[in-house]
Amino acid sequence: MARKNVPQERHELQSVVERIKKSFARWRQDPVVFVQEALNANPWEKQEEVLRALAAHRRVCFVSCHGVGKTKTAAWAVLWFLYCHPGAKVITTAPTWHQVEHQLWREIRAEFAKLSENLAPVKVGQCFTTRLELAPDWFAVGLSTNEPERFQGFHAEQLLVVIDEAGGVSSSIFAAAESYMTSAHTKMLLVGNPTQPGTELHKAFLSPDYYKVQVSAFDTPNLRAGNVVRPYLVTPAWVEERRREWGEDSALFQMRVLGQFPSASVDSVITPAMLAAARVAPNTRRGTRVIAADIARFGDDRTVVLVLDGTEVAECHVLVGKDTMYTAAFIHILAQRYKPDAIAIDGTGVGAGVVDRLREMGNEVLEVNSAERASEPEQFANLRAEMWWKAREMFAQGLVSLNADDELSLELTTPIYFLRLGRIQVESKDDIKRRLGRSPDKADAYVIGLHALRQLATLHRMRRA
Ligand SMILES: Nc1ncnc2c1ncn2[C@@H]1O[C@H](COP(=O)(O)OP(=O)(O)OP(=O)(O)O)[C@@H](O)[C@H]1O
Ligand SMILES: [Mg+2]
C-alpha cells in the first residue's frame, strides 16, 4: 500500500486532535458520558449518580457494602477530572500503600490503558505505577498516608482529592486534605465501607456539606435481578453467606451488607490501647523460642514465618510465591539454627503439605487448623476465634510484650469480633482481605505463635504437677 505523504498525515492528525478537543469540552460537562465514550465503560446507576454529583458538587461521599464498584468509580473520577480540566491536579490516597498501588491505581492504570487505546494516535500522557502525568504541572498522584507532610504543597486552579477506603484514613490526613478545600475549585471524593461511628468518614457522612450516596447490597444490579448480571459486583450468594455467618441483626451485616454505619461501636479483638500497653510491658517469657507460620493458601497471599523470643518478634520472614517444599526447607533451616521450643503452623489447605514435610525431616510440629472446632466449642465458633480471643486476653492481662511494626500493628487491630448464636466469632481472613486489601498473614502468624506459647506453658504446668 502506498504510504501517505507527510502533510496528509499531519492534516489527519490535526483533525483527530480537533475532534478530541471538542469531545473533551462535552465530556467536561458530564463525567458519565466521558466514562462511556472515552473509556467504553458501563457504569451502573449509583456509579453514575456519584460521577454526576462530583461534577455538580464540591464534596461527595460514597459509602456502601462491599463490591459495588466504589474504587472503580473513584478511578473514573480521577481520569475525568484530570483529562477534562487542563492543568488539574488529583491527589489520591487510601489507608495502606498496598490499597493505593494495588486497588485504586490498578483501576486507574486499567482505565488509562483503555483511554490510550481509544484516543490513539493522540498521546494521552504517561502512566506510572501511582502517577499519571500529562505535563509536569498537570498530573494525578497516589500518596501514602504514612507521610502526611507529602499532602502539603500541591497548588492548582483545579484540584481533586480522592480518598479510597476513607473509613481507615486518619484525621491528620483529613486535616491536610481539608486545607485544600479553601480554594473555590477544589473537590473532594470520599469512598469507603461504613466503619465505626466517629471516624472521619462517618463525620463526613453526617455533614450537610457532602452530597451523599449510600448503597446497600440489595440496591445493586445482581440482587435486584435475583441473579448474576454483573459478575464483578456483589452477588446474592455472598449476601446469603454473610446472613448465615453474621446474622441479619449484627453490626457486621449492617456495615458490610447494608452499607450503613453501625448504631453501636464495633470492637476489634485487639485494640490500639492494648498494643500500646504491650510496647512497654516486660517480656516475661524471654528465652522461650517459637517458630510460627501462616502458610499462603492461594493466589497472591504471602507465607509469613515468625521467630518469637517470648512474645517479642525476633525475626519476620515473608515468602512470596514459594511452594510447600521450599517453605518447609526454609522453616527446617530456621529450626536447626534456633532449636525452638515449638514450631506451630496453620495446616489449613496447603499448610498441611508443609507440616508433613517438616515432620518427615524430623521436626516436631504443633499443627493448628484454624477453621476447625475450638477446644471450647460452646464459647467459640472455631479455633481461629479461640486463638484470637485468647491472644486478646493475654494482651489485656499485660502478658504480651511486643514492639510491633506498622504492618503488624495494623493487622492485629483490624479483625472485629462479634457474638453469633451465643459464641464468639472473629472476622474471617477473607473478609479482612476485602477490607484491608491483603490478607492479615503477619497477625495470624503472631496469634498462632501466642497459641504455641500458651500450649508450652500448659505443658510446663502439667509436668510440674
Ligand atoms: N461498571 C463496571 N463495569 C465493569 N467492571 C466494574 C464496574 N464496576 C466495578 N467493576 C469491577 O468490579 C469489581 C469490584 O469493584 P470495586 O473494587 O470498585 O468495588 P468496591 O465497592 O470498591 O469494593 P470494596 O468494598 O471491596 O472496596 C472490580 O473488579 C471492578 O473492576
Ligand atoms: Mg474498593
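**Close-up views of a predicted model**

**View 1. Ligand 1 and its polar contacts with the protein.** In this predicted model, a polar backbone atom of Gly67 lies 3.1 Å from an oxygen atom of ligand 1. Val68 also takes part through its backbone, with an N or O atom 3.1 Å from an oxygen atom of the ligand. Lys70 contributes a polar side-chain atom, which is 2.8 Å from an oxygen atom of ligand 1. On its own, ligand 1 has 630 Å² of accessible area, and the protein covers 80% of this. There are 17 residues around the ligand, of which Gln47, Lys70, Thr71, Lys72 and Glu107 come nearest.

View 2. Helix α5 runs from residue 97 to residue 119 and contains 23 residues. The distance from its first C-alpha to its last is 31 Å, close to the 33 Å expected at 1.5 Å a residue. Trp105 is itself buried, as are other residues of α5, including Gln103, Leu104, Ile108 and Phe112. Glu107 is another buried residue of this helix, and Glu107 is also among the residues that come nearest to ligand 1.

View 3. The structure holds eight aromatic pairs. One of them joins Phe24 and Tyr83, whose rings are stacked, with 6.3 Å from centre to centre and 15° between the planes. Phe24 belongs to helix α1 and Tyr83 to helix α4 (residues 70–84), so that the pair links distant parts of the chain, 59 residues apart. Phe24 has a relative accessible area of 16% and therefore counts as buried, the limit being under 20%. Tyr83 is buried as well, because its relative accessible area is 6%.

**View 4. An edge-to-face pair and the aromatic cluster.** The ring centres of Trp27 and Phe34 are 5.7 Å apart, and their planes meet at 75°; the pair is therefore edge-to-face. Both Trp27 and Phe34 are buried. Ring pairs connect Trp27 and Phe34 with Phe24 and Tyr83 in a cluster.

**View 5. Val17 in helix α1.** Val17 is located in helix α1, which spans residues 6–29. Is this residue buried, exposed or partly exposed? Its relative accessibility is 25%, so Val17 counts as partly exposed. Val17 and Tyr211 are 194 residues apart along the chain, and their C-alpha atoms are separated by 35 Å.

Note on methods: Residues are numbered from 1 along each chain as its sequence is written. Chains are lettered from A and ligands numbered from 1 in the order in which they are written. This is a predicted model: local features need pLDDT of at least 70, side-chain atom pairs count only at pLDDT 80 or more; totals for chains, interfaces and linings use all residues. Side-chain values use heavy atoms; hydrogens and water are left out. Helices (H or I, at least four residues) and strands (E, at least two) are DSSP runs, numbered from the N terminus. The expected span of a helix is 1.5 Å times one less than its number of residues. Buried means under 20% relative accessible area, exposed over 50%, partly exposed in between (1.4 Å probe, protein chains only). A residue is near a molecule or strand if one of its heavy atoms lies within 4 Å of it. A polar contact is a pair of N or O atoms within 3.5 Å; within protein, one must be able to donate a hydrogen and the other to accept it, and residues adjacent in sequence count only if both atoms are side-chain atoms. Accessible areas come from the Shrake-Rupley method with a 1.4 Å probe; for residues, only the protein chains shown count as cover. Rings of Phe, Tyr and Trp (its six-membered ring) pair if their centres lie within 6.5 Å; planes under 30 degrees apart count as stacked, over 60 as edge-to-face and the rest as tilted.
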